[in-house]
Amino acid sequence: MKRLGTPFGAALLALLVLAGWALWSGGVLDGEVARQVRVSSVYAAPGYELDQAAAERIVGNRRLVVAFLEPDADLREACHGVRGAADGTLALMLKPGEDEFDRYSCALLPGVDDENFGKAVVAETTLGAGVDQFVDQPLEALKVVAVNYDQLVKAGIVPDGARVISPSLPRFLVAAAAVGAVVAGAVLLYAGARRAGRLASVRRRRRTEVADDRAVLTAAATALAQRIIDLDAAYARTSADTHTARERAEFGEAYRALVADYVALLPAITEGEPDVLRRVEDLVARTHRLSAHPAG
């Protein structure tokens, strides 16, 4: 319960309320007939051979709902069941009797319980007149009902105007939330892709820098090895005839120290340790100094 007082809890509660509102106003509790007439003007129970598209064309955009029900259906209950789903219309419930239709009408127009009560009664008693002879021809029965409806409109008993079938506000909100989620997801994907691209660029640049540093280190190490080989040849050429004992001793000691430091540095060169390039360059400088030695 304490979490409901947090921003997350409040947002969760708001979403639950919105979802409940969307389900209720969208007809989650509707019966089979109400679910159909919420988005259509004609309902036909299983067993009726009815061309739904042709039936919809006959009714058109009139404020009219017609339902062809099973023989054992409760017409009055069915009429009350479409309240909310068919608000603003004249509803006619029909079911086959022995040789005619049993019918029940309900006016779901504004003000039927107040100033328009009398008009509603007239509309309900007139709407289904003449359909009994078409008990086996539902399309023809629909044509008769459409004519009766038009006469009621001309007489001013039923207000003129078209029926507009549109999603409820919660459905718009849910649709807007879905669109928002898609847009937000696209933005997040774009931002993630840009971030991944930047990270990949940084890694690529680092790899390039590492490769360049490695190439420089390899070149410096190769030059150092060649310098040591040259000094080794010079060390082998030292003799008592051309160099003093002191010169030979100084050169030999410096050369052996250089070779020892080079051998100790080889693992660092192989691993590419930090600051190894500076150490290689220091050894190269020492080879230059040894090369300048009289014995070198």
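Visitor: What makes the contact between the side chains of Arg-286 and Asp-261 a salt bridge?

Guide: A salt bridge requires a side-chain nitrogen of Lys or Arg within 4 Å of a carboxyl oxygen of Asp or Glu, and the side chains of Arg-286 and Asp-261 meet at 2.6 Å, N to O. Arg-286 lies in helix α9 (residues 276-291) and Asp-261 in helix α8 (residues 245-271), so this pair ties together parts that are 25 residues apart in sequence. Please keep in mind that this is a predicted model, in which local features need pLDDT of at least 70 and side-chain atom pairs count only at pLDDT 80 or more, while totals for chains, interfaces and linings use all residues. Residues are numbered from 1 along each chain as its sequence is written, and side-chain values use heavy atoms, with hydrogens and water left out.

Visitor: How many salt bridges does the rule give, and which residue pairs with Asp-150?

Guide: The count comes to five salt bridges. Asp-150 pairs with Arg-62, their closest N and O atoms being 2.8 Å apart; Asp-150 is in helix α6 and Arg-62 in the loop between α3 and β2, 88 residues apart. Helices here are DSSP runs of H or I with at least four residues, and strands are runs of E with at least two, numbered from the N terminus.

Visitor: What makes a group of residues a nonpolar core, and which have the most contacts inside the largest one?

Guide: A nonpolar core is a set of buried Ala, Val, Leu, Ile, Met, Phe, Trp, Tyr and Cys residues joined through side-chain atoms within 4.5 Å. The largest has 29 residues, and those with the most contacts inside it are Leu-64, Phe-68, Leu-90, Leu-142 and Val-158. Helix α6 gives the most to this core, with eight residues. In soluble globular proteins, nonpolar side chains tend to be buried together.

Key: Buried means under 20% relative accessible area, exposed over 50%, partly exposed in between (1.4 Å probe, protein chains only).
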